[in-house]
Amino acid sequence: TTKDWQAADSAHFLHPFTDFASLAKKGSRIITKAEGIYLWDSEGHKILDAMSGLWCVNVGYGQQSLIDAATRQMKELPFYNAFFQTATPPAIELAELLAEVTPPQFKHVFYSSSGSESNDTIVRMVRRYWDVLGQPERQVIIGRHNGYHGSTMAGASLGGMSGMHAQGGLPIPNIVHIQQPYAFEHGKGMDPDAFGKLAASWLEEKILAVGPEKVAAFIGEPVQGAGGVIVPPKSYWPEIQRICDKYGILLVSDEVICGFGRTGNWFGCETMGSKPDLMTFAKGVTSGYVPLGGVMVGERVAKVLIEQGGEFNHGYTYSGHPVACAVAVANIKLIQQLKLVEHVREDVGPYLAEQFAGLRDHPLVGSVDTCGLMGAILLVKDKAKGLPFPGDLEVGMVCRGHCFGNGLIMRAVGDRMIIAPPLVMTRSQIDEMMALIRQALDLTLADVTS
Ligand code: PLP
């Protein structure tokens with residue numbers, strides 16, 4: 001029964017990003033099955049999953065071709081590694097397919113099992129690149145406040161989550177941060193184009209403060225996800241690119257959320273107009289069915305590492321895991337077959353943008369943002385003045401509670417309510433989601449005005 005699950009759960013299972021004591025009091029919601037864009041809990045409630053799990057189930061739940069690929073591969077060869085000049089067919093096939101779907105500068109992949117491991121790999125790989133080129137003083141990597149790049153020591157250091165930095169003595173040395181391009185906080189009333197350029201200029205300021213000869217790379221998510229779906233102005237990324245080029249520093253695009261169709265192109269950097277030297281990915285590469293991540297290594301870096309680098313002393317037991325790679329191949333082929341990237345770009349992405357724009361008339365909604373099939377609704381106290389709610393009211397959490405109670409999973413980042421539903425979502429399912437969102441907003445409004 002649910003109660004038995006909850007008792008065993010709180011007795012033995014330390015959940016990530018969870019207050020252990022509160023979980024023991026309240027008990028977890030136990031999710032038992034899923035199909036398409038829906039989940040069911042152990043009490044039989046049907047829930048629309050507007051977060052694709054953790055931004056990852058791009059093709060939706062229950063796709064038979066992924067299940068078959070895993071089963072076939074487990075029978076044939078459940079594991080072999082890629083160390084010491086060995087390889088398996090699925091790892092090779094996936095490498096070839098990734099070279100086909102990523103931007104043209106990418107021909108090589110280094111595998112991991114998660115986004116965090118991929119971003120850890122970045123720290124070692126970019127420093128190795130500069131070492132090989134005889135510039136070992138280029139150690140500093142610049143990230144952004146409120147960026148999220150994972151939970152390992154290096155991943156959490158590259159990210160700019162203050163709550164994470166407060167635990168465990170982060171960031172590790174030689175990682176620094178600039179402000180995020182969030183107009184509501186840092187560019188109120190500004191023309192978006194001018195704000196994008198201003199926000200990008202903070203990178204140049206930081207490079208000059210650190211000393212250009214010490215900077216190895218800049219890393220950013222095309223659209224900050226866990227930071228609250230912060231969609232930057234159009235001018236931002238081209239300007240970031242220009243600054244990286246000017247100082248010769250490597251540009252790393254963290255595509256863990258934005259990759260594999262989320263923004264209406266295969267990769268978020270294509271939507272945002274940058275040409276990164278390296279890209280990290282995870283999540284959508286297998287639609288979360290099994291863990292897999294990696295780094296796409298652009299020609300600039302690959303040439304140096306391959307021709308002059310010798311052995312790269314780095315790797316994971318599961319780098320190129322054959323079952324994970326077989327599932328990824330099936331997943332990418334399904335994205336191609338269902339034309340999900342086009343579906344997001346030409347159909348459901350613009351439709352979601354229209355529907356979100358329609359929420360602006362709601363008394364709680366201060367602004368809305370969308371990019372492809374991800375979006376955010378900012379809840380504010382006073383629309384006319386653009387005043388936020390006091391933090392201690394936790395209005396986002398109140399709204400999230402009403403979503404959960406109503407059969408909808410939405411995430412709250414402060415007072416930003418965010419979604420990233422499976423890419424297979426249809427227009428009529430968007431209508432269904434919008435009705436649930438409106439209900440949750442009305443219930444939240446009733447709470448804050450009572
Ligand atoms: N990078 C981004 C942009 C993410 O959103 C995440 C996870 O949410 C990560 C990295 C870390 O990925 P993982 O949880 O697979 O380690």
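The legends below go with close-up views of one predicted model of a protein chain and a ligand.

**View 1. Confidence across the predicted chain.** This is a predicted model, in which local features need pLDDT of at least 70 and side-chain atom pairs count only at pLDDT 80 or more, while totals for chains, interfaces and linings use all residues. Residues are numbered from 1 along each chain as its sequence is written. The protein chain averages a pLDDT of 97, and 100% of its residues score at least 70, where pLDDT is the predictor's confidence in each residue, from 0 to 100. Confidence is lowest in helix α2 (residues 20-26), with a mean of 88, and highest in strand β8 (residues 250-254), at 99; helices (H or I, at least four residues) and strands (E, at least two) are DSSP runs, numbered from the N terminus. The scores of the model are ipTM 0.99 and pTM 0.98.

**View 2. The shell around the ligand.** Among the 16 residues around the ligand, those that come nearest are Ser-114, Gly-115, Ser-116, Gly-150 and Val-256; a residue is near a molecule or strand if its C-beta atom, placed from the backbone, lies within 6 Å of it. Helix α6 (residues 115-132) gives the largest share of this shell, three residues. Sorted by class, the shell has six nonpolar, eight polar and two charged residues, where Ala, Val, Leu, Ile, Met, Phe, Trp, Tyr, Cys and Pro count as nonpolar, Asp, Glu, Lys and Arg as charged, and the others, Gly among them, as polar.

View 3. The domain assignment, which is automatic or from a database, gives domain 1 (36-59 + 339-449) and domain 2 (65-337). Their C-alpha centres lie 26 Å apart, and 27 residues of domain 1 are in contact with 25 residues of domain 2, contact being counted if the C-beta atoms of two residues, placed from the backbone, lie within 7 Å. On the domain 1 side, the elements that give two or more residues are α3 (52-55), α15 (340-357), β11 (365-371), β12 (374-379) and β15 (416-419), and α15 gives the most, with five residues. This side of domain 1 has 16 nonpolar, eight polar and three charged residues.

**View 4. Helix α5 against helix α14.** The axes of α5 (residues 89-101) and α14 (residues 322-337) come within 8 Å and cross at roughly 35°; axes are lines fitted to C-alpha atoms, for helices over the stretch in contact, and angles run from 0 to 180 degrees between N-to-C directions. The crossing is left-handed, as the near helix is turned anticlockwise from the far one by less than a right angle. Residues of α5 including Leu-94, Leu-97 and Val-101 meet residues of α14 including Ala-328, Val-329 and Ile-332. By class, this contact has 11 nonpolar, no polar and one charged residues.

**View 5. Helix α6 against helix α13.** The axes of α6 and α13 (residues 299-308) come within 10 Å and cross at roughly 65°, and this crossing, too, is left-handed. Arg-128, Tyr-129 and Val-132 of α6 make the contact with Val-301, Val-304, Leu-305 and Gln-308 of α13.

**View 6. Backbone details in two loops.** The peptide bond from Leu-170 to Pro-171 is cis, with omega near -5°, and Pro-171 has its place in the loop between α8 (162-165) and β6 (175-178). In the loop between β5 (140-144) and α7 (153-158) is Asn-146, a residue other than glycine whose phi has a positive value, near 70°.
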